Amino acid sequence: MNPSSSGWIEKYGSVVQKHQDAFPTFEALYDTLKKSGFVYGLNSSIPGFIELEHTLSEDEKAKINLLHALFFTYRTKGGDDYSEFIEQVFKFYEILKINRTGFFDKWFTGNKTSAKLEKLMTSRIYIEDNIISKTFNSLITNSLLFIDVLLFKHFLNGRIALKEKAEEIEYLAINIAYHALSSKEIDRKDNKLSQLLASSLTYISCAENSFDGSYRERLLNNKENWDNRYLLDMACLTVWEDHSLDYTESDFIFGIGKDLGFEKTIISTSITDVTEFFKLNMDVIPYLKEKNLAKQFYDSMGKIVKKLILRNSKRLHKELSQSAELVALLSKSTMRDLNNEEKKKVQNQLLDIFKSIPSLAIFILPGGAILLPIFIKLIPKLLPSAFDENRIDEEEDLYRK
């Protein structure tokens with residue numbers, strides 16, 4: 001399943017048919033979504049029953065997890081018709097006025113609800129609409145997507161004032177994060193997690209006058225169990241973001257938990273869960289990795305180029321096999337720097353190949369040539385082994401170890 005190509009929502013529907021009883025209760029679903037990081041807004045994994053041909057990016061995991069969470073929320077309410085589920089989700093987002101599909105999107109997408117929902121969910125996943133800002137900003141994935149799941153649950157229960165509920169949950173979530181950071185004497189403006197949360201807000205703005213002590217009173221008045229479980233977990237995430245929890249922070253968490261109506265055992269479990277998540281996923285949580293702008297740009301574009309190479313490998317291999325000179329030059333580039341004339345030949349011949357593969361159009365856009373060094377670094381994996389003298393075969397590598 002490829003969540004970056006059309007038809008992925010229908011594909012999920014066909015795959016999930018054999019697993020419709022995987023989560024008999026919302027609690028079972030919630031626990032799994034927390035382990036995958038989706039509840040925290042940090043997607044480290046996806047449902048195990050989904051088979052993949054390629055490694056997924058953070059945003060692609062978020063897409064799958066959001067659809068997965070919405071579907072099984074629908075299932076826990078007794079729904080079993082996947083087509084009806086798609087219609088319900090689309091109606092739900094229309095009520096929230098999330099549908100950002102433009103005129104040309106409608107023209108190319110057509111009238112099929114699943115196709116329109118794909119466009120809608122893609123716009124929902126990203127914080128920024130600008131592809132350039134996505135390139136420079138590794139924090140591109142909406143970190144408050146689980147609020148959609150809570151709201152969908154309210155929608156299925158017949159709640160009418162969804163927009164007001166959405167505003168309330170976001171207000172409480174961002175205030176808890178802000179005051180959790182204050183308890184640690186950390187400036188939220190300099191904190192990556194708080195920046196990510198603030199950027200992910202949909203229904204309210206992150207103005208300074210949004211932060212005041214009245215949020216505690218509103219916590220006491222909020223009686224929705226799963227909304228409160230989510231808010232408690234977000235509080236624990238915020239205080240654990242620097243991988244420590246001192247006595248003062250613990251007091252803050254237990255105070256928030258009490259206001260939300262939870263016993264100490266549930267609060268302790270929430271702390272333990274976020275601790276385990278960090279322990280298991282430290283290396284794959286994007287916002288924890290400090291990078292300068294150049295390094296961030298290179299890494300972000302490297303991921304894009306790698307994805308394009310993997311997903312067009314057969315066509316690229318076919319095109320490369322017809323250009324012996326280009327293959328030879330690419331092979332040389334893995335062992336030494338090419339001179340200016342050789343670089344020009346590589347650039348011209350590669351751009352000719354990219355013109356024949358529409359999904360690689362990014363390389364022929366203005367400025368696309370700056371991606372070629374990344375491409376050249378990754379391309380040897382597609383070359384026949386005879387052209388890559390420094391390649392270590394799996395058997396050789398095993399023997400060497």
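**Salt bridges, helices and core**

User: Which residue does Glu-168 meet in a salt bridge?
Analyst: This is a predicted model, in which local features need pLDDT of at least 70, side-chain atom pairs count only at pLDDT 80 or more, and totals for chains, interfaces and linings use all residues. Residues are numbered from 1 along each chain as its sequence is written, and side-chain values use heavy atoms, with hydrogens and water left out. A salt bridge puts a side-chain nitrogen of Lys or Arg within 4 Å of a carboxyl oxygen of Asp or Glu. At 2.7 Å from N to O, the partner of Glu-168 is Arg-218.

User: How many residues apart are Glu-168 and Arg-218, and in which helices do they lie?
Analyst: Helices are DSSP runs (H or I, at least four residues; strands are E, at least two), numbered from the N terminus. Glu-168 sits in helix H9 (residues 162-183) and Arg-218 in helix H11 (residues 214-221). The pair links distant parts of the chain, 50 residues apart.

User: How many residues of H3 are buried?
Analyst: Helix H3 (residues 58-76) reaches 27 Å from its first C-alpha to its last. That is close to the 27 Å expected at 1.5 Å a residue, taken as 1.5 Å times one less than the number of residues. Buried means under 20% relative accessible area, exposed over 50%, partly exposed in between (1.4 Å probe, protein chains only). H3 is largely enclosed by the rest of the structure, because the buried residues number 18 of the 19.

User: Which parts does the salt bridge between Lys-34 and Asp-273 tie together?
Analyst: The closest N and O atoms of Lys-34 and Asp-273 are 2.8 Å apart. The two residues are 239 residues apart in sequence, so the bridge ties together helix H2 (residues 26-35) and helix H14 (residues 264-281).

User: What separates Glu-276 and Lys-279 along helix H14?
Analyst: Their side chains meet in a salt bridge (3.3 Å, N to O). An α-helix has 3.6 residues a turn, so residues three or four places apart point the same way. Glu-276 and Lys-279 are three residues apart, so the separation is about one helical turn.

User: Which side chain of opposite charge is nearest to Arg-229?
Analyst: Arg-229 lies in helix H12 (residues 225-240). Arg-229 is buried yet has no salt bridge. Lys and Arg count as positive, Asp and Glu as negative; His and the chain ends are not counted. At 4.0 Å, the nearest opposite charge is Asp-31.

User: Which residues touch the most other members of the largest nonpolar core?
Analyst: A nonpolar core is a set of buried Ala, Val, Leu, Ile, Met, Phe, Trp, Tyr and Cys residues joined through side-chain atoms within 4.5 Å. The largest has 85 residues. Those touching the most other members are Tyr-12, Phe-85, Phe-146 and Tyr-230.

User: How many residues are in the second, separate core?
Analyst: Its members include Leu-316, Leu-338, Leu-350 and Ile-353. The second core has 11 residues.
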